[in-house]
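Hi everyone, thanks for coming. Today I'd like to walk you through one structure, slowly and in plain words.

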Amino acid sequence: MANTKTTNTHNQTNPNGNLITATNDEHLRGIFHQIRTSKSPAVINFGASWCRVCADILPSFNHLSSKFPKLSFVYADIDECPETTQHIRYTPTFHFYRDGERVDAMFGAGEERLHDRLWLHS
């Protein structure tokens, strides 16, 4: 019998970057707490497994995490974290944090747009 176990790349930490994937609401609440208390800059990518645009930008987001080491990168699937992401209306949505507070948001994808925002907030 063949092994049918599949691996979701967005559920793994990038060994060359600093991408963290929120696995559930409790985990995402812990990440939010860490962002608030550490006051280190961070970006959260809110996406969904069924969202084609989200799937297209996720590899770039993962790759960019190694180019901006001062930023913490987080991926949160809205279906895996429904309570903490109920305010998200569009996927993908990127929230940028500085000093524990959300300072910017970007809706939709675009690798160049995302790179420029990351550069701005790093």
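I'll begin with the sheet and then turn to the helices around it. Keep in mind that this is a predicted model.

So, the sheet. It is an open one, built from 5 strands in the order β1-β3-β2-β4-β5, and the pairing is mixed. If that word is new to you, strands of a sheet pair through backbone hydrogen bonds, either parallel or antiparallel. At the edges stand β1, residues 19–22, and β5; each has a single partner strand, so one side of each has no neighbour in the sheet. On average, neighbouring strands here are turned by 20° against each other, ignoring direction.

Let's zoom in on one pair. β2 and β3 run parallel, and 6 bridges join them. For example, Ala42 has Ser72 in β3 as its bridge partner.

Now the helices. α1, residues 25–38, packs on the sheet and touches β1, β2, β3 and β4. Its direction makes about 135° with that of β1. Then there is α3, which lies across β2, β3, β4 and β5, and runs at about 165° to β5.

Which residues of α3 are buried? They are Leu114, Leu118 and His121. These three cover an arc of only 70° around the axis, and therefore sit on the same side of α3. There is a general idea behind this: an α-helix has 3.6 residues a turn, so residues three or four places apart point the same way.

What covers those buried residues? The cover includes β2, α2, β3, β4 and β5. The face of α3 turned away from the buried side carries Glu112 and Trp119, which are exposed.

Key: Residues are numbered from 1 along each chain as its sequence is written. This is a predicted model: local features need pLDDT of at least 70, side-chain atom pairs count only at pLDDT 80 or more; totals for chains, interfaces and linings use all residues. Side-chain values use heavy atoms; hydrogens and water are left out. Buried means under 20% relative accessible area, exposed over 50%, partly exposed in between (1.4 Å probe, protein chains only). Helices (H or I, at least four residues) and strands (E, at least two) are DSSP runs, numbered from the N terminus. The arc is that of the directions from the helix axis to the C-beta atoms. Contact means heavy atoms within 4.5 Å. Two strands pair if DSSP finds at least two bridges between them. Axes are lines fitted to C-alpha atoms, for helices over the stretch in contact, and angles run from 0 to 180 degrees between N-to-C directions.
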